[in-house]
Structures are given as C-alpha cells and as structure tokens.
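Follow along in the viewer if you like.

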Amino acid sequence: MLWIILPVLTGGLLGWFWGGASGLLLGGVLAGLSAVLVSLQGRVRELERWVAQLAVEQEQSALPMPTASQLQPDTPAAEAAAPAALPELELPDLPDAPVPEPAPEPRWQAVLLGWAGDGNLVVRLGLLVLFIGVAFLLKYAAERALFPIELRLAGAALGGMALAGVGWWLRRRRPGFALLLQGGGIGIFYLVIYAATALYGLLPVPLALGLMVALVGLLVALALWQESQGLAAFAIGGGFLAPLLTSTGAGEHVLLLSYYALLNLVVLGLAWYRPWRLLNLLGFAFTFVIATVWGVLEYHPAHYASTQPFLIYFFLLYLSVAVLFALRQPLKLRGYVDATLVFGVPIVAFALQAGLVRHIDYGLAFSALLAGGLYLGLARSLWRREGEGMRLFAEAMLALGVIFATLAIPLALDGRWTAAAWALEGAAMLWVGRHQRRLPVRLFGAGLQVLAGAAFFFSFGYPSSALPVLNSATLGVALLALAGLFSSWQLQRDVTSLHPLERSTHYLWMAWGLLWWLGGGFAEIDTHLAQGEQLAAALLFIGLSSALLLWLWRRLAWPTLRWPLWGNVVLVLLLALAYGEQAFWLYGLGLLAWPLYFAIQYRLLWRLQGGLNAWLQPVVHGVTVSLLALLLAHDAWGWVSAWLGVNSGWAWAAPAIPLLLLLVGLPVLAARLPASWADDYRGPVLLPIALILPLWLLLASSHPATALPLPWLPLLNPLELTQALTLAALALWFAQGEVQRLLHRWQIPLVLPWALWGGLAFVLLNTVLAHAAHHWAGVPWGWRELFASARLQTSFSVAWTLTALGLGWWATRRHWRGLWFVAAGLIGVVVLKLFIIDLADSGTIERIISFIAVGLLMLLMGYLAPLPPRAAEPGRTDRTTEERPQ
C-alpha cells in the first residue's frame with residue numbers, strides 16, 4: 001500500500017497549504033486517484049501484451065504441419081543432391097544444471113520499480129510539480145491581485161493548451177510521454193474552470209459544468225483515438241470531480257444527479273466499445289459513493305420522487321455495463337464475471353433503496369421482488385442467446401435473482417409464508433443443481449429448505465386464521481411438504497449422477513416432506529375439531545393421503561413411495577391406540593372413515609403386491625388385520641359395557657368374539673383371496689390375533705364371570721364359554737398346515753404351541769373351579785379368600801389329579817413318554833400341596849376327602865397309566881418331538 005499512501009500524503013499536504021481543510025481532502029483524492037490510475041495502467045499494459053502473445057501462439061498452433069510426403073524429395077536428382085546421412089552419435093546423458101529462479105520481489109517494491117523504471121519517472125514528477133505550481137500561481141495571484149483575473153486565467157489556459165498540443169504532436173514518436181502531457185494540459189483546464197467558478201465567480205455553474213463535460217468528451221475522444229485507458233480514466237475522474245470543484249453549497253441534488261446521469265452515459269458508451277474495467281469501476285465508485293454521502297447528509301422523504309428515478313437509472317446502467325464487459329471480452333475470456341460490478345452494484349443499490357423507501361409500507365419487499373425478477377429474466381435471456389459462452393455470468397445472475405426473491409418474502413410476509421417460499425426456492429435450486437450436476441447448488445437448495453423448516457417451526461405458534469385449511473399455517477406446511485417430496489422425487493430419478501454421500505438422501509427428503517404433511521394435517525385436526533371427531537378425521541386424512549401417494553407412485557414411477565404406503569397402517573394403529581379412551585370408533589364420522597380407510601388400504605395392498613418383499617407382505621397384511629381386530633374389539637367392548645356395565649362378564653367376553661371370528665373365518669375365506677395372499681391369511685397374518693387371544697384369556701381369568709341377568713353355570717356363562725371357544729379356535733389354527741410350516745421355518749418345535757395350549761386349558765379349568773366356589777359356595781372373589789377356602793383347595797387337588805390321570809392314560813396309549821412325565825409332575829405338585837397346605841388343616845371334612853380321593857386316583861393311574869417303554873428300534877427318538885395330538 002506504500003505506492004498509494006505516499007501520493008495521498010503528498011497531495012493532501014500540498015492541498016492543505018493551498019486551500020486548508022477542503023484543499024487537504026481534494027489534494028489527497030486527486031493524488032490517490034492518480035496513483036491508482038498509473039498503477040492500473042501498467043497492469044493493463046501487461047495484460048494486453050499477454051493477450052497479444054497468446055493470440056500469436058494460437059495462430060502459430062493453427063498452421064498446417066507439412067506431411068512426410070511433402071518433406072521427401074520427388075526426383076532422383078534431388079535424391080542425388082541430398083547429402084549422405086551422417087552416422088548418429090550416442091552422447092552420454094549429462095545432468096541438467098538447475099537454474100536458480102529469482103526470488104519474487106515484494107508487491108510494493110515491484111510496483112515502485114515498474115512506476116519508476118519505464119522511462120517516464122521524470123516526466124511524471126515534472127507534471128506533478130507543474131500542476132501544483134500552476135495551482136499555487138493561481139492562488140498567489142488571486143490573493144495579491146498581481147494581474148487582472150482574466151489575464152491570469154487566460155495564461156493558465158494557454159499553458160494547458162500548450163501542454164496538450166505538444167502531447168498531441170508527440171503522440172506517434174513518444175506515446176507514453178505524449179499521453180502524460182495531454183492529461184496534464186487538460187488537468188490545467190480543469191483548474192482554470194474551477195478557479196473561474198469557485199474563486200472568482202466569473203462563470204455560472206451550469207456553464208462551468210458544460211465546459212467540464214466538453215473536456216471529458218475531448219479526453220475520451222483522445223483516449224479512444226490513442227487506445228489509452230489511463231487517459232480515459234483521467235477524463236472520467238475529472239468529470240466526476242467537476243461538480244465537487246464547482247459546488248456552491250446550494251444543494252441542488254437534481255442538477256448533480258442529472259450531470260452524473262449524462263456522465264455515466266459516457267461510461268456506458270466506453271463499455272460498448274472497449275472492455276476497460278478501470279473506467280467501469282471509477283464510474284461506479286464515484287457515482288455511488290457521492291450519492292451515498294448526499295443521501296446520508298441531505299436526503300429526506302420529500303426528495304423521494306426526484307431521487308428514485310436516478311437510483312433506478314444508475315442501477316440499470318451499471319448492470320448493463322457489467323453485461324457489456326462480459327460480452328466484450330476475448331473469446332477465451334467471454335462471460336468473465338467482474339465481481340465488483342456484478343455483486344457490488346446490487347448490494348450498494350439495495351442499501352440505498354432501503355434508505356429511500358423506509359417510509360413506504362412493503363416498499364423494500366417490492367423492490368427486492370422486482371430486482372429478483374429482473375436478474376432471473378436476465379439470466380434466462382443470456383443463457384438462451386449466448387449459451388455456454390455466458391454460463392458463468394448467467395449463473396451469477398441466477399444466484400442474485402434467487403437471493404433477491406428470497407429476501408422479498410420475509411420483507412413482506414409473516415414467518416410461515418416466508419418459510420414456505422424459502423422451501424419452494426430450495427426445491428427449485430435443488431432441481432437446477434440436479435440438472436446442471438452441480439453439488440454446491442444442490443447443497444444450497446437443501447440448506448435453504450432446512451432453514452425454512454426451522455423458521456416455520458419457530459413461527460408455528462403465531463396466531464393464524466380461524467378458517468380451517470385455508471390459513472397460513474396449513475398452507476405453509478403443505479408447501480414445505482411439497483418442496484421436500486419434490487426434492488425426493490428429483491434426486492431418486494438419477495441417483496448415479498449424485499455424489500456418493502447423496503445417493504440415499506432422497507429417502508430423507510421423502511421422510512421430511514411426509515412429516516411436514518402429516519404434522520400439519522394433525523395440527524389442523526387438533527385445532528378445529530372436537531375430541532370425539534379427531535380420530536375419524538385423522539383416519540380420513542391418512543386414507544386420502546395414501547390414495548394420493550398411490551396415484552403419484554403409479555403416475556411418476558416413484559419406487560421410494562412404496563415405503564410410506566406400506567407403513568401407513570402402522571401410523572393408523574398407533575393413532576387408534578392413542579385414542580383408546582374414546583368410547584366408540586364406529587360412530588358419527590367414523591362410520592364413513594373406517595370403511596373408507598380399509599377400502600383404500602386393501603386397494604393399496606392389491607396394487608403393491610408385486611413390489612412387496614416375501615417377508616414384508618405378511619407383516620403389512622398382519623398389521624392391517626390386527627387393526628381391523630382392534631377396531632371390532634374396541635367397539636364391541638364399548639357397546640356392551642355401555643349396555644350392561646364395564647364389570648359385566650358379557651363386556652369382558654365381547655372383545656374376544658371378533659378376534660375368534662377372524663381367527664376361524666379368515667382361513668376359510670383364504671381360498672377366495674389372491675393366490676399370493678392365501679397362505680399368508682391361513683398362517684402368519686393371523687399370528688398377532690393368535691398371540692392376543694391367550695393374553696386375553698389369562699386377563700379374563702381374573703374376572704368373577706358374572707352373567708347377569710342370567711344365572712351363572714359352569715362353562716355356559718358368557719366369559720367361560722368364550723374362553724373355551726378361544727381354546728378351540730387356537731387348536732384349529734395350530735392344526736393349519738401353513739402354521740406348522742411357519743413354525744418349522746422359524747425352527748420352533750411343534751410341541752411348544754400345544755404345550756402352551758395345554759397350559760391355557762389348565763388355567764381355564766382352575767378358573768371354572770374358582771368361579772364355582774365364588775358363585776355356589778359364596779366365597780368372596782379375591783385371591784386371599786379363594787386361597788383360604790378348603791372346598792376350593794379340595795377341588796383343586798381332585799381336579800389336578802384327574803387331569804394327571806387323563807394325561808397319563810393318553811400318554812400310555814400313544815407311547816408319549818414326555819407327556820407321561822408331565823402327568824407325573826402334576827401328581828408330584830398335588831402331593832406337595834397335600835403335605836404343605838392341606839395337612840396343616842386336616843381336621844375338616846374337605847381335607848379328609850382330598851387325601852382319600854387323591855390317593856385312590858393315584859392308585860388308578862398306576863394301574864391304567866404305567867410308564868410307556870422306550871422304543872425298541874435302534875435310532876428311534878422320543879415321539880414327543882415327532883408327533884402331535886390329532
């Protein structure tokens with residue numbers, strides 16, 4: 001930075017001696033601008049030499065190379081005239097001596113050496129001294145009135161004209177020297193006009209501005225004629241400083257901005273003919289810096305009508321300059337993005353616009369929206385007309401359009417609409433990134449959607465319209481879900497073109513979209529519907545959503561949607577369990593919702609049957625049948641308990657009846673189902689019901705089995721009869737061939753379910769005895785009272801012994817040693833019970849009967865059911881693991 005600091009300090013010091021504080025600022029700006037111009041002029045020359053050399057190399061590489069036939073002589077004479085080939089000498093390879101590369105010089109040192117070593121150092125210093133001397137002369141003459149004012153100014157003007165004329169005369173022999181003289185001469189003219197206007201008041205301000213514009217035009221013409229970017233930059237800089245030099249402090253902003261509007265047309269014209277970046281940057285910097293200073297110090301809302309058109313004009317003009325700069329580049333650099341103009345112009349202009357429209361409602365939102373539309377339209381136009389040549393520039397315009405469109409939303413709408421619009425923009429960016437195969441664009445789109453989701457989540461508690469569905473919360477959630485699902489669909493269409501870490505993200509986007517969809521729907525139901533209608537409404541919502549997803553799956557060939565379609569029934573099952581306290585489900589809206597849902601679900605399963613995995617199909621069907629069983633059991637309990645009371649044996653038996661009908665009826669109806677479903681509906685689909693019924697049987701055993709208004713009779717009351725039917729239905733289901741194949745496939749011994757069945761039957765036997773003691777003997781229903789009843793204990797002992805006798809007799813006939821050992825174990829339990837419990841209270845008739853009856857039965861068992869012998873055949877195993885009861 002030394003190369004610019006020293007000139008600024010020098011110019012500022014000289015200006016302070018000349019004009020105080022204002023001279024300090026003006027001298028520093030002029031000196032710094034001159035240093036920047038000189039430095040940039042040298043860099044531009046280097047770039048021009050590099051481009052020329054590159055063009056020469058390209059032309060040489062395009063020349064046709066002579067072929068082998070062209071290099072060979074065509075005549076014998078030529079062959080004779082050709083010298084004999086010299087023998088090739090093999091020279092030993094010598095190591096190349098490394099050539100040391102010179103160490104790079106520091107940047108400031110290289111700039112100073114380049115500025116001083118191009119032969120014009122003396123000329124530059126001389127012009128600087130001359131320029132300062134003329135300024136001091138004018139001031140000295142003005143302070144002491146040495147000469148008439150007109151004579152002083154005329155002399156200075158003649159000196160400037162002489163310098164400019166000599167520079168023009170030497171333009172061919174000494175072009176660098178000549179350009180410096182021309183610039184110095186025109187600079188003296190600037191000083192003369194400034195002195196005549198600001199110091200002496202000889203020229204009115206409009207005339208002075210006109211003369212300075214004429215000087216700018218003259219310098220621009222000279223610069224174009226001589227291909228001098230530095231001279232043009234000097235002209236533009238002087239033109240922008242002219243209003244500052246001639247300012248009277250009146251504050252006529254319309255005149256100032258009009259002058260800059262005309263001057264910027266010169267910048268635009270230069271950009272049309274020459275890709276001189278320095279001029280573009282100078283015009284941009286002067287225009288917006290001076291406009292910003294005026295806006296901060298002088299702007300009031302009353303100035304809006306006279307200021308807004310100028311800001312729009314300057315914004316569009318420098319946007320055009322950036323486009324022209326990209327179009328006027330050489331072929332290899334075509335589409336070059338001047339980041340300072342491309343991104344600096346909208347940033348500065350939008351900041352100024354914010355100050356202009358701060359008193360207007362939605363003013364900045366509409367400004368951002370218009371800017372976004374302009375940039376998006378420009379990107380589309382450039383891409384269609386120029387193609388790959390302007391790809392980078394068009395993408396920059398596209399990015400700016402998206403940014404301004406994104407900014408417009410939060411400036412105009414509440415948080416929910418903002419988040420929804422951002423989500424749609426993110427989905428659009430992700431779509432663009434997939435088509436262009438650009439990972440950063442896809443990451444930007446994904447991040448924008450996540451940001452939108454966070455913004456919506458934190459604004460979800462804001463009050464919304466009381467109108468169901470058609471409110472900002474619900475519609476915003478729908479747009480978020482739509483954006484996520486669209487992203488999932490786009491990414492799964494061409495997974496191979498994605499980054500390896502992206503190839504599974506379409507599942508995440510699908511889950512993201514569905515979570516927003518379902519969450520928004522459930523929130524809307526919870527807000528606008530009563531508690532009793534919420535489950536039915538949620539069921540309709542899920543069913544219709546599943547139908548929509550099924551249509552999208554078929555229409556768009558979207559295989560990823562199979563997973564939510566299969567899993568929707570799990571969600572319904574969880575919802576049903578959450579609303580279990582509701583008395584009736586098949587009531588009111590539920591009379592429509594439940595049948596419609598099951599119709600949609602089985603239609604869905606029918607359509608998806610070819611795409612289900614072998615293990616997944618019975619699982620989905622099993623959950624569906626379990627949901628149907630839960631629905632029927634819940635409402636059976638609700639209706640019967642509402643009629644006869646929750647403590648009635650009828651109410652406790654009611655839930656098991658639909659399950660029994662499904663367990664027995666579905667295997668019968670399986671023959672009418674599709675072939676791929678039939679075996680599943682005989683076996684694995686009914687597995688949840690087959691597991692729930694034993695649990696119900698055990699739970700129901702704790703109930704006293706009241707049969708009011710009917711009297712209680714053993715096994716003929718509603719609860720015990722349903723328990724007995726449960727055992728019969730389980731036995732029929734266990735006998736299904738598909739169930740046995742299922743157990744074999746899972747490596748479960750076939751005897752295990754029958755052992756469990758026998759345990760349930762034993763529980764039912766004891767339950768019947770306990771109910772008899774309660775209803776006929778008047779024993780209170782409670783485990784302490786039942787345990788203390790001597791009659792019940794005697795009944796247990798006799799019943800267990802009879803059970804052991806039956807099992808032992810059957811095992812002896814069937815040669816099932818394992819079953820016989822079970823009977824013997826039960827006898828052992830009876831004996832332990834007699835000597836531990838009954839012997840302590842042997843004085844009652846019940847205990848005596850218990851000992852005698854058990855003893856006689858044990859003798860009978862010893863006679864009728866001896867231990868079966870082992871099989872005599874070698875290799876024969878225990879039949880317990882090979883046979884099952886018939």
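**Salt bridges**

I began with Asp679 and Arg682, whose side chains form a salt bridge at 3.0 Å, N to O; by salt bridge I mean a side-chain nitrogen of Lys or Arg within 4 Å of a carboxyl oxygen of Asp or Glu. This is a predicted model, so I took local features only at pLDDT of at least 70 and side-chain atom pairs only at pLDDT 80 or more, while totals for chains, interfaces and linings use all residues. I number residues from 1 along each chain as its sequence is written, and my side-chain values use heavy atoms, with hydrogens and water left out.

Both partners sit in helix H26 (residues 675-682), three residues apart, which is about one turn of the helix. My helices are DSSP runs of H or I with at least four residues, my strands are E runs of at least two, and the numbering starts from the N terminus. Asp679 is partly exposed because its relative accessibility is 37%, and Arg682 is partly exposed too, at 22%. For these labels, buried is under 20% relative accessible area, exposed is over 50%, and partly exposed is in between (1.4 Å probe, protein chains only).

How many salt bridges does a search of the whole structure find? I get two. I find both Glu502 and Arg442 buried. A reminder to myself: side chains of opposite charge can pair when their charged atoms come close.

**Gln490 in H18**

Next I looked up Gln490, which is in helix H18 (residues 472-493). Is Gln490 buried or exposed? I count Gln490 as buried because its relative accessibility is 2%. Setting aside neighbours within four places in sequence, I see Gln490 in contact with Trp431, Arg434 and His435, where contact means heavy atoms within 4.5 Å.

**Helix H21**

H21 (residues 562-578) was my next stop, with 17 residues and a reach of 25 Å from first C-alpha to last. That is close to the 24 Å expected at 1.5 Å a residue, the expected span being 1.5 Å times one less than the number of residues. Even so, I noted a kink of about 35° in H21, centred on Asn568; the bend at a residue is the angle between axes fitted to the seven residues ending there and the seven starting there. Asn568 is also among the buried residues of H21, which include Trp566, Val569 and Val572. What covers the buried residues of H21? I wrote down helices H19 (505-528), H20 (531-556), H22 (590-608) and H23 (616-644) as part of the cover.

**Backbone in the loops**

The loop between H27 (687-700) and H28 (718-734) holds Pro709, and I find the peptide bond from Leu708 to Pro709 to be cis, with omega near 10°. Ala705 lies in the H27-H28 loop as well. I noted that Ala705 has a positive phi of about 65° although it is not a glycine, and I call Ala705 buried because its relative accessibility is 0%.

I also flagged Gln747, not a glycine either, for a positive phi of about 60°. Gln747 is in the loop between H29 (737-745) and H30 (751-775), and it counts as exposed because its relative accessibility is 73%.

**A nonpolar patch**

Helices H32 (790-814) and H34 (845-864) each give at least two residues, and H34 supplies the largest share, three. Leu864 is in H34 and is partly exposed because its relative accessible area is 35%.

**Whole protein**

Last, the totals: I count 34 helices and zero strands. Buried residues make up 43% of the 886 residues.
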